[in-house]
Amino acid sequence: MSRRTETFLPTLREDPADSETTSHRLLLRAGMVRQLGSGLWTWLPAGYRSIAKAEQIIREEMVAIGGQEMLLPLMQPAEIWRETGRYGIGEMFKLQDRRESDLVLGMTHEEPVTWHVARDVRSYRDLPLILFQIQLKERDEPRPRAGVLRTREFSMKDSYSFDRDEGGMEESYAKHIAAYDRIFDRCGLEWHRVSSDVGMMGGAGADEYMAPCPAGEDSIALADGYAANIEVAVSLAQAVDLPSPADSPTKVETPGSTTVEDVAGALGLAQGALLKAIPVMAGDRGLVMALVRGDHSLNELKLSNVIGEPVRQATPEEIDSEIGPTGFIGPVGANCPVICDLAIDGNSYACGANEADRHLTGVDPTRDFQAERADIRAVQSGDLTEGGSRIEIVPAIEVGNIFKLGTRYSEALGATFLDESGSEHPIVMGSYGIGPARIIAASVEQRADDKGISWPRALSPWDLSLVPLSKQGEPERGTADDLYTSLSEAGLDVLYDDRDANAGEKLTDAELIGCPLRVVVGKKSLAEGKFEVQVRKTEAEESIQVEGATDAITGLLDTID
RNA sequence: CGGGGCGUGGCGCAGUCUGGUAGCGCAUUCGGCUGGGGGCCGAAAGGUCGUCGGUUCAAAUCCGACCGCCCCGACCA
């Protein structure tokens with residue numbers, strides 16, 4: 001039951017400054033959220049209704065796979081984070097109490113939940129377990145952005161599975177996949193489950209749930225039967241014409257040609273017939289040269305996974321002093337380890353000669369230099385999957401993720417159990433997250449039009465907007481009042497715009513807020529004994545008889561979304 | 001962390017270059033008209049111009065420091 005005159009729903013007529021993405025702009029304008037500080041967002045009543053609906057769907061599906069809801073502290077002793085070696089994470093908020101004890105604000109809850117399991121689970125009889133909570137997370141993001149998409153504080157459903165062995169963990173993982181598939185379907189999102197990098201969580205495997213939309217921070221590679229985060233995506237490289245092999249490399253003059261495009265043009269070669277050398281600094285290993293085909297680009301994450309350490313691009317000074325003049329470097333005779341991409345599978349390439357204004361042609365990677373071979377290139381739109389499907393790369397929001405953690409946390413925190421024979425084993429864990437705010441933002445991004453938000457019924461703050469065009473005291477208003485009462489008694493959530501405002505203001509506001517259905521009570525149609533109904537998503541309008549209107553509206557709502 | 005931008009009534013902006021009594025639109029309050037896509041008339045309220053310091057007879061405006069916010073990149077369990 002919501003009368004607009006009694007509801008804190010501050011809609012904005014104009015776009016706020018500083019709102020770049022669709023969801024940021026519309027959630028603000030529709031009176032759903034307000035910003036308190038950088039990366040700190042308040043959910044106003046309307047927005048909180050939507051968040052609560054997403055959380056309830058999540059809750060139901062988690063319970064359906066045997067999850068048990070609980071609530072862990074947001075503030076945690078630093079000690080358990082030291083034990084797992086994660087106290088040093090830069091995104092973690094740290095503080096001290098008045099006795100100068102170190103505390104952290106939880107950015108996730110593996111440590112405390114595992115700590116409890118370590119103390120209270122002893123036997124294989126206590127396993128398996130799936131524990132979950134819907135709790136705030138705090139992260140000192142280097143750069144909060146895009147409204148509620150990347151914030152420093154946000155609600156997350158996080159669940160943790162505890163099993164006696166890998167097989168059990170795989171079962172828990174499969175249960176989460178089933179639950180997550182249902183959750184995102186019920187939320188009306190377009191989504192893909194993609195394989196992903198394991199990141200800082202460590203562990204044996206990970207999948208992400210990605211909702212494609214222009215504001216997405218991640219990129220995913222999509223093809224028939226294939227979906228992967230760009231970070232780990234693999235593809236078949238497009239074929240390239242190479243010149244005839246040579247007995248040995250030939251040095252050629254390439255004055256001023258420092259880019260792949262210049263060199264290919266100067267030598268009359270396809271860009272793919274060049275070797276692109278990308279020097280990186282890799283922690284303890286120092287300078288390493290990554291080598292990809294000239295028409296490809298390096299995937300730094302793949303490279304750092306191969307090297308086993310984070311990498312950064314080498315500076316021109318480092319390149320000049322260690323290898324050769326920037327723009328003319330190559331693997332032949334280079335004074336550093338070389339990692340060569342798998343797509344470099346021919347025997348006659350051109351590359352930098354490590355001398356100013358000179359390149360080499362006829363270079364055979366298996367003959368002319370030593371290299372470790374690995375998949376380090378970035379997948380490109382137009383590449384083919386192994387099955388032959390064309391890959392497209394699209395931006396997407398990560399709305400959920402699931403990790404096979406293994407025993408990293410259970411071993412660090414002593415979470416073990418005794419099996420039937422009395423021998424002790426570490427518990428095998430999984431960790432699973434969903435961000436309700438990102439579900440809301442993704443839904444807005446995927447479904448909004450130029451008039452505003454368009455909610456699926458599952459997430460809409462109200463089932464419908466009821467808009468009387470008459471003002472208070474006029475006879476038509478009484479009819480609208482009756483309809484409001486009747487719809488509410490039928491169990492529908494109705495936003496009743498009982499303000500004495502102009503028709504235009506009320507109608508555009510209803511479209512901005514975006515409930516799936518808008519019912520207008522106006523003099524003209526009422527004279528014919530009818531109400532006017534508009535489906536927000538399709539903008540299809542129809543008239544319904546005043547008589548039996550509540551049933552008709554209930555029925556119509558059940559047919560959309 | 002590197003680069004760029006912005007901070008002036010609730011919101012969106014002008015004014016800053018060239019120092020001289022702080023403005024516009026919308027919103028708000030009151031009175032009236034209007035009543036199917038943000039309408040009209042009249043009256044009113046509301047601003048230490050982000051903060052601190054400096055220059056000056058005089059600072060929103062010039063100088064310095066700091067704070068906050070946004071965007072691009074880096075980063076992002």
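**View 1. E100 sits in the loop between β6 (93–96) and β7 (102–105).** This is a predicted model, where local features need pLDDT of at least 70 and side-chain atom pairs count only at pLDDT 80 or more, while totals for chains, interfaces and linings use all residues. Residues are numbered from 1 along each chain as its sequence is written, chains are lettered from A and ligands numbered from 1 in the order in which they are written, and side-chain values use heavy atoms, with hydrogens and water left out. Strands (E, at least two residues) and helices (H or I, at least four) are DSSP runs, numbered from the N terminus. E100 is not a glycine, yet its phi is positive, at about 65 degrees. Most residues other than glycine have a negative phi. E100 counts as exposed, at 59% relative accessibility; the labels run buried for under 20% relative accessible area, exposed for over 50% and partly exposed in between (1.4 Å probe, protein chains only).

**View 2. D18 is another non-glycine residue with a positive phi, this time about 70 degrees.** Look for D18 in the loop between β1 (2–3) and α1. D18 is exposed too, with a relative accessible area of 66%.

**View 3. Helix α1 (residues 22–29) is tucked away.** Six of its eight residues are buried, so α1 is largely enclosed by the rest of the structure. The buried ones are S23, H24, L26, L27, L28 and R29. And what covers them? The cover includes β2 (33–37), β3 (40–43), α11 and α13 (503–513). Just after α1 comes G31, with a positive phi of about 75 degrees.

**View 4. R438 belongs to helix α11 (residues 436–447).** R438 counts as buried, with 18% relative accessibility. Setting aside residues up to four places away in sequence, R438 has L149, R150, E217, I397, E398 and V399 as contacts; contact here means heavy atoms within 4.5 Å.

**View 5. T114 lies in helix α4 (residues 110–120).** Is T114 buried or exposed? T114 is buried, at 0% relative accessibility. Its contacts beyond four places in sequence are F162, Y409, S410, L413, A415 and M429.

**View 6. The peptide bond between L127 and P128 is cis.** Its omega is about -5 degrees. Most peptide bonds are trans. To find P128, go to the loop between α4 and β8 (129–138).

**View 7. Y180, F184, W191 and Y209 make one aromatic cluster.** Rings of Phe, Tyr and Trp (its six-membered ring) pair if their centres lie within 6.5 Å; planes under 30 degrees apart are called stacked, over 60 edge-to-face, and the rest tilted. The count by this rule is seven aromatic pairs. One of them is Y180 with F184, an edge-to-face pair at 6.0 Å centre to centre, with 85 degrees between the planes. These two are four residues apart in helix α5 (residues 166–186), about one turn of the helix. Y180 is buried, with a relative accessible area of 0%, and F184 is buried at 0% as well.

**View 8. Y180 also pairs with Y209, and here the arrangement is tilted.** The ring centres are 5.3 Å apart and the planes make 55 degrees. This pair links distant parts of the chain: Y180 is in helix α5 and Y209 in strand β11 (residues 205–212), 29 residues apart. Y209 is buried, at 0% relative accessibility.

**View 9. Stepping back, chain A has 15 helices and 30 strands.** Its C-alpha trace spans about 95 × 65 × 50 Å along the principal axes. Of its 561 residues, 53% are buried. Among contacts with a separation of 6 or more, 69% are between residues 24 or more positions apart. The domain assignment (bounds come from an automatic or database assignment) gives domain 1 (17–183 + 406–444), domain 2 (250–374) and domain 3 (464–559). The C-alpha centres of domain 1 and domain 2 are 42 Å apart.
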